[in-house]
Amino acid sequence: MGAALLAASCSDGGETPDGGNGGSGGADAGSINITIDGGAPPAGTVRIAVPAYYQPGAAWNRLIAAAPTVGMIVFNPASGPGTTTDPAYTDAIGRAQAAGIIVLGYVATSYGARPEADVTTDINRYYDLYSPDGIYFAEGPMDADCTALEEMYHRMAGAVRARSADAYLAVGTRFCPTYIVFFDMMVQFARNWTEYQNEYAPPSWMPANSPQRFIHFIHSVPEADAGKAMSLAISNGAGWVYVTDGTDPNPWAELPPYFDAELAAVK
């Protein structure tokens with residue numbers, strides 16, 4: 001089958017940025033074209049997952065209003081859960097969950113180097129403070145460490161299941177095929193556009209027809225390349241995608257100016 005083309009053209013709704021807390025609005029969002037070799041994926045098999053590493057406010061409101069196209073939010077109050085409940089997060093998380101959005105707490109694992117006890121503390125604090133739908137274990141194992149770290153990651157996954165048997169579990173790695181057995185989702189990529197084009201290739205072990213289990217976050221994507229980046233992520237087997245023009249050190253600090261076009265293209 002030839003390439004399928006999905007086009008979106010829209011303007012940003014103009015919500016006022018929330019004091020630098022993730023807002024992006026007011027400018028013409030232009031258009032984004034998604035072209036997929038082999039035909040368009042079935043409706044509903046591609047959704048947007050957003051690492052929303054900013055305080056709740058206007059940008060969170062936009063994400064919640066965009067459900068079900070936005071189907072997942074990763075939140076990160078204080079490079080982890082922090083130590084006290086923030087009422088703004090409690091409110092936003094509750095509204096997101098009511099809209100059917102999966103909300104995951106961010107826990108850094110430092111490629112397996114972070115002490116397991118610290119990771120477990122973060123897990124329990126997320127559940128004590130915010131009652132998320134699950135946990136995203138960021139910075140997961142590299143290729144040479146899959147076997148050596150598997151037992152530890154299995155225990156950490158179990159610590160989440162102990163708090164909620166129905167929890168969603170995501171891990172940041174593309175190198176460890178056996179981990180897909182005890183994690184629901186893998187964030188296979190969360191780096192910049194240049195690296196994605198030049199260095200990423202779908203692992204040979206990826207199960208066929210399971211896009212809902214794979215997430216690609218791509219940053220430093222100029223608007224002119226947004227459609228290309230989204231198309232490539234979908235062609236690479238990701239059922240959850242998000243691209244942004246944000247750059248290091250925190251590319252996930254706000255929504256991109258083309259977010260509404262991104263949303264419309266996926267929808």
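Trainee: How many aromatic pairs does the count come to?

Mentor: Please note that this is a predicted model, in which local features need pLDDT of at least 70 and side-chain atom pairs count only at pLDDT 80 or more, while totals for chains, interfaces and linings use all residues. Residues are numbered from 1 along each chain as its sequence is written, and side-chain values use heavy atoms, with hydrogens and water left out. A pair of aromatic rings is described by the distance of the centres and the angle of the planes. Rings of Phe, Tyr and Trp (its six-membered ring) pair if their centres lie within 6.5 Å; planes under 30 degrees apart count as stacked, over 60 as edge-to-face and the rest as tilted. By this rule the count is 18 aromatic pairs. In one of them, phenylalanine 189 and tyrosine 196 have ring centres 4.8 Å apart and planes at 65°, so the pair is edge-to-face.

Trainee: Which kind of pair do the rings of tyrosine 196 and tyrosine 200 form?

Mentor: The rings of tyrosine 196 and tyrosine 200 are stacked, because their centres are 5.2 Å apart and their planes lie at 10°. Elsewhere, ring pairs link Trp60, Phe75, Tyr89, Tyr126 and Tyr130 into a cluster.

Trainee: Is phenylalanine 189 buried or exposed?

Mentor: A residue is buried under 20% relative accessible area, exposed over 50% and partly exposed in between (1.4 Å probe, protein chains only). Phenylalanine 189 has 4% relative accessibility, so it counts as buried. Tyrosine 196, at 1%, is buried too, and so is tyrosine 200. For the chain, 51% of its 267 residues are buried.

Trainee: How many helices and strands are there in the chain?

Mentor: Helices (H or I, at least four residues) and strands (E, at least two) are DSSP runs, numbered from the N terminus. The chain has 7 helices and 10 strands. Consider strand S3, residues 47-52: 5 of its 6 residues are buried, so the strand is largely enclosed by the rest of the structure.

Trainee: With which strand does S3 share 5 bridges?

Mentor: Two strands pair if DSSP finds at least two bridges between them. S3 is joined by 5 bridges to strand S4 (residues 70-75), and the two run parallel; here isoleucine 48 stands opposite valine 70. S3 also pairs with S10 in the parallel sense, over 2 bridges, with arginine 47 opposite tryptophan 240.

Trainee: Where does threonine 244 lie?

Mentor: Threonine 244 is in the loop between strand S10 (240-243) and helix H7 (259-266). Threonine 244 has a relative accessible area of 0%, so it is buried. Contact means heavy atoms within 4.5 Å. Apart from neighbours within four places in sequence, threonine 244 has contacts that include His219, Trp252 and Tyr258.

Trainee: Which cysteines does the disulfide join?

Mentor: A disulfide is a pair of cysteine sulfur atoms within 2.5 Å. The structure holds 1 disulfide, and it joins cysteine 146 to cysteine 176, with S to S 2.1 Å. Cysteine 146 lies in helix H4 (residues 146-163) and cysteine 176 in the loop between strand S7 (168-171) and strand S8 (185-192), so the pair ties together parts that are 30 residues apart in sequence. The angle about the S-S bond is -80°, and the link is left-handed. Cysteine 146 is buried at 9% relative accessibility, and cysteine 176 is buried at 1%.
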